[in-house]
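Me: Could you walk me through this fold, contact by contact? Here it comes.

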Amino acid sequence: MPQTIFINLPVADVARATAFYAAIGFVKNDMFSNAQASAMALSDTIHVMLLDHAFYATFTSKRIIDARTESGAMFAISRDGRAAVDAITAAAVAAGGRELHDAEDLGFMYSRAFEDPDGHGWGPMFMDMAAAAAAHAAEPVA
């Protein structure tokens, strides 16, 4: 098995969260899903586990934050190009998410940001590695 990341997110409504993540391109894995959790895959190595609050609480003794008003983590995710960054952001907003700020274009990197309905922040981005290397090479050495 390749090294894989599984992000566990507490959600208020598993069905609503599942529909949101499906709308932005994640695929539900029914083998690891039930009424209290949905296993959602973006790729072979990137997975999000959507856990209702009661089930999530079995994994931690800490208070579950309200991600709409407090920040606990932000997840940056690479996309294949600027259009893919725009597409996932548009899909997120159409599915009930909220765009956090306008697009940021640094020339070598293009990014957007959105929240899911529970307030978990995502930052889709595209980085042109050749342009990033050129920008870095052009910086004066201190």
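Me: Which residues does Tyr21 touch, leaving out residues up to four places away in sequence?
Reply: This is a predicted model, so local features need pLDDT of at least 70, side-chain atom pairs count only at pLDDT 80 or more, and totals for chains, interfaces and linings use all residues. Residues are numbered from 1 along each chain as its sequence is written, and side-chain values use heavy atoms, with hydrogens and water left out. Taking contact as heavy atoms within 4.5 Å, Tyr21 touches Leu9, Phe26, Met40, Leu50, Asp116, His120 and Trp122.

Me: Is Asp118 buried or exposed?
Reply: Asp118 sits in the loop between β7 and β8. One polar atom of its side chain is 2.9 Å from the backbone nitrogen of Ala12. The cut-offs are under 20% relative accessible area for buried, over 50% for exposed and partly exposed in between, with a 1.4 Å probe and protein chains only. At 7% relative accessibility, Asp118 therefore counts as buried.

Me: And Ala76, buried or exposed?
Reply: Ala76 is part of strand β5. Because its relative accessibility is 67%, Ala76 counts as exposed.

Me: How many residues of helix α4 are buried?
Reply: Where α4 starts, a side-chain oxygen of Asp128 comes within 3.1 Å of the backbone nitrogen of Ala130. The helix spans residues 129–138 and is hardly covered. Among its ten residues, the buried count is one.

Me: Which element gives the largest share of the lining of the largest pocket?
Reply: About 380 Å³ of space lies in that pocket. Its lining has 21 residues, and those closest to the centre are Ile65, Ala67, Gly72, Ala73 and His120. By type, the lining divides into ten nonpolar, seven polar and four charged. The largest share, three residues, comes from β1.

Technical notes
Helix = DSSP H or I, 4+ residues; strand = E, 2+ residues; numbered from the N terminus. Polar contact = N/O pair within 3.5 Å; in protein donor to acceptor, adjacent residues only side chain to side chain. 1 Å grid on protein atoms, 1.4 Å probe; cavity = no way out; pocket = protein on both sides within 12 Å on 5 of 7 lines; lining within 4 Å. Points joined across faces, edges and corners; volume = space filled by probe spheres on them. Nonpolar A, V, L, I, M, F, W, Y, C, P; charged D, E, K, R; others polar.
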